[in-house]
Amino acid sequence: YSSECVPIPNVSRKIPGNECYQTKNIAINYLTNNNIKNILLVARWNYYTGSNDAGFIGDADTRIFSKEESRVVFEQNLIEMVEMLNKQGVHITIMSQVPEHTNFNPRDVFYKAIRERTPPKFDRVSMSDHRNYNDFTDKIFKKLERDYGVEIINPEQFFCSDKEGCLFELNNKILYRDADHLNYTGAKELEPLFEDYIDSLK
């Protein structure tokens, strides 16, 4: 899905992407009709739960799009989807969101580097800020893990440490293409995470 298409049935942004509901129905029907037993959900979860008003979501009962409404809709409908898939015998794995760099501004960073004739230096996000930012979705994921057997995998370990915080670049190579999307170099850092996940399915 694109960011316009929330990966949860019966949920959409205020202005849904073209054919979102149809696309999601096709995906659910494919899971059912082809006896798929393992799925991995990856998304920019915080975008739908209040980090940006452009990402506010709602369902059929929503009258006003807001941060509070988005969070209620997100939790209720995600749980309903998990319950539905559990009844079909589907094992669900959710990947937590990669660390987000809300002050991402490469233009300023590179202009400063040129002006001062120094290597580009990006600000880091502290571990406390990162975890506070993810607190709402992480609590829901822990609830799903406890109550429904959902497996949670977390990319935090590949980009963050208590000492250094969450990195935007590593060995002078930028890991992101914008504030919350990894580039190819950053995605390569997650190879061990996905290799372990794939091995667990064998």
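**Strands and rings**

Author: Let me begin with a pairing: strand β4, residues 91-95, is joined to β5 by three bridges, and the two run parallel. Please keep in mind that this is a predicted model.

Reader: Ok, and which residue is the bridge partner of T93 in β5?

Author: The partner of T93 there is E151.

Reader: What is the strand order in the sheet?

Author: The sheet is open and has three strands in the order β2-β4-β5, with parallel pairing. Its edge strands are β2 (38-42) and β5 (151-153), each of which pairs on one side only. On average, neighbouring strands are turned by 25° against each other, direction ignored.

Reader: Which helix packs on the sheet?

Author: Helix α7, residues 191-200, packs there and touches β2, β4 and β5, while its direction makes about 160° with that of β2.

Reader: Switching topic: how many aromatic pairs are there in the whole structure?

Author: A search of the whole structure finds five. One of them is the edge-to-face pair of W45 and F141, with 5.6 Å centre to centre and 75° between the planes. This pair links distant parts of the chain, since W45 lies in the loop between β2 and β3 (57-58) and F141 in helix α5 (residues 135-148), 96 residues apart.

Reader: Is W45 buried or exposed, and why?

Author: W45 counts as buried because its relative accessibility is 0%, and F141, at 1%, counts as buried too.

Reader: Which residues do ring pairs link into a cluster?

Author: The cluster consists of W45, F74 and F141.

Reader: And what sits over the ring of F136?

Author: That is the charged end of R71, 4.4 Å from the ring centre.

Key:
Residues are numbered from 1 along each chain as its sequence is written. This is a predicted model: local features need pLDDT of at least 70, side-chain atom pairs count only at pLDDT 80 or more; totals for chains, interfaces and linings use all residues. Side-chain values use heavy atoms; hydrogens and water are left out. Two strands pair if DSSP finds at least two bridges between them. Helices (H or I, at least four residues) and strands (E, at least two) are DSSP runs, numbered from the N terminus. Axes are lines fitted to C-alpha atoms, for helices over the stretch in contact, and angles run from 0 to 180 degrees between N-to-C directions. Contact means heavy atoms within 4.5 Å. Rings of Phe, Tyr and Trp (its six-membered ring) pair if their centres lie within 6.5 Å; planes under 30 degrees apart count as stacked, over 60 as edge-to-face and the rest as tilted. Buried means under 20% relative accessible area, exposed over 50%, partly exposed in between (1.4 Å probe, protein chains only). A charge sits over a ring if NZ of Lys or CZ of Arg is within 6 Å of the ring centre and within 35 degrees of the ring normal.
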